[in-house]
Amino acid sequence: MPGRQDRPRLESYGDGGFRISGVRHVGSVIVLPETTIPWDVSDPADLGIGSLAPVLDCEPRVEILLFGSGRDLRPIDEGIRAALSDAGIAVEPMDTGAACRTYSVLAAEDRRVAAALIAVD
């Protein structure tokens with residue numbers, strides 16, 4: 001497991017993307033404990049269990065997934081929540097700004113946290 005300094009650092013969000021560990025990412029992203037990948041979800045209605053495959057495939061397994069649903073909080077479909085729970089992953093929906101802040105706190109605590117973040121303007 002990498003040390004805290006090796007984790008992606010969420011530095012800012014907005015203007016259609018994110019600054020993570022000094023790199024600008026345009027569009028939505030999934031931030032995993034060791035890497036950040038582009039995410040082809042721009043609307044909470046497009047969220048499906050298949051779109052979360054990188055989180056489910058992450059080894060070692062993440063404990064918490066923060067879902068940043070854009071400007072507004074959107075609930076997680078119960079089927080998606082159940083599938084993540086079956087995999088041992090708790091999911092917390094919140095607006096993207098809150099998800100970014102919460103990720104930073106949990107990562108600083110060395111938690112196995114991931115964030116699926118929909119970009120906001």
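How many residues sit between strand 1 and strand 2 in their hairpin? There are 2 residues between them, and Asp15 in the turn has a positive phi of about 55°. This is a predicted model, where local features need pLDDT of at least 70, side-chain atom pairs count only at pLDDT 80 or more, and totals for chains, interfaces and linings use all residues. Residues are numbered from 1 along each chain as its sequence is written, and side-chain values use heavy atoms, with hydrogens and water left out.

**Hairpin**

- Strand 1 (residues 10-14) pairs with strand 2 (residues 17-20) in the antiparallel sense, over 4 bridges; two strands pair if DSSP finds at least two bridges between them.
- Within this pairing, Ser12 has Arg19 in strand 2 as its bridge partner.

**Aromatic pair**

- Rings of Phe, Tyr and Trp (its six-membered ring) pair if their centres lie within 6.5 Å; planes under 30 degrees apart are stacked, over 60 edge-to-face, and the rest tilted.
- By that rule you get 1 aromatic pair.
- Trp39 lies in the loop between strand 5 (36-38) and helix 1 (53-57) and Phe67 in strand 6 (residues 64-68), so the pair ties together parts that are 28 residues apart in sequence.
- Trp39 counts as buried at 8% relative accessibility, and Phe67 counts as buried at 1%. The cut-offs are under 20% relative accessible area for buried, over 50% for exposed, and partly exposed in between (1.4 Å probe, protein chains only).

**Salt bridges**

- Searching the whole structure turns up 5 salt bridges, each being a side-chain nitrogen of Lys or Arg within 4 Å of a carboxyl oxygen of Asp or Glu.
- One of them joins the side chains of Arg7 and Asp110 (3.2 Å, N to O). It links distant parts of the chain: Arg7 is in the segment before strand 1, Asp110 in the loop between helix 3 (96-108) and strand 8 (113-117), and the two are 103 residues apart.
- Arg7 is buried at 3% relative accessible area, whereas Asp110 is partly exposed at 31%.
- Glu34 and Arg112 form another, at 3.0 Å, N to O. Glu34 lies in the loop between strand 4 (29-31) and strand 5 and Arg112 in the loop between helix 3 and strand 8, so this pair ties together parts 78 residues apart in sequence.
- Glu34 is partly exposed, with 36% relative accessible area, while Arg112 counts as buried at 5%.
- Glu63 and Arg111 meet in a salt bridge at 3.5 Å, N to O. Glu63 is in the loop between helix 1 and strand 6 and Arg111 in the loop between helix 3 and strand 8, so the pair ties together parts 48 residues apart in sequence.
- Glu63 is partly exposed at 37%, and Arg111 is partly exposed at 31%.

**Nonpolar cores**

- A nonpolar core is a set of buried Ala, Val, Leu, Ile, Met, Phe, Trp, Tyr and Cys residues joined through side-chain atoms within 4.5 Å.
- The largest one has 19 residues, and Trp39, Leu52, Leu65 and Phe67 touch the most other members.
- Strand 6, helix 2 (78-86) and strand 8 each supply at least two residues of this core.
- Setting aside neighbours within four places in sequence, Leu52 is in contact (heavy atoms within 4.5 Å) with Trp39, Leu47, Leu65, Ile80, Leu84 and Ala116.
- There's also a second, separate core of 17 residues, which includes Val29, Leu106, Ala107 and Ala115.

- Buried residues in helix 3 include Thr96, Cys100, Tyr103 and Leu106.
- The helix's buried residues pack against strand 1, strand 2, strand 4, strand 6, strand 7 (90-94) and strand 8.
- Ala107, in helix 3, is buried at 7% relative accessible area. Its C-alpha atom is separated by 10 Å from that of Asp6, 101 residues apart along the chain.
- Thr36 is found in strand 5 and is buried at 17%. Not counting residues up to four places away in sequence, Thr36 touches Pro8, Ile20, His25, Val29, Ile30 and Val31.
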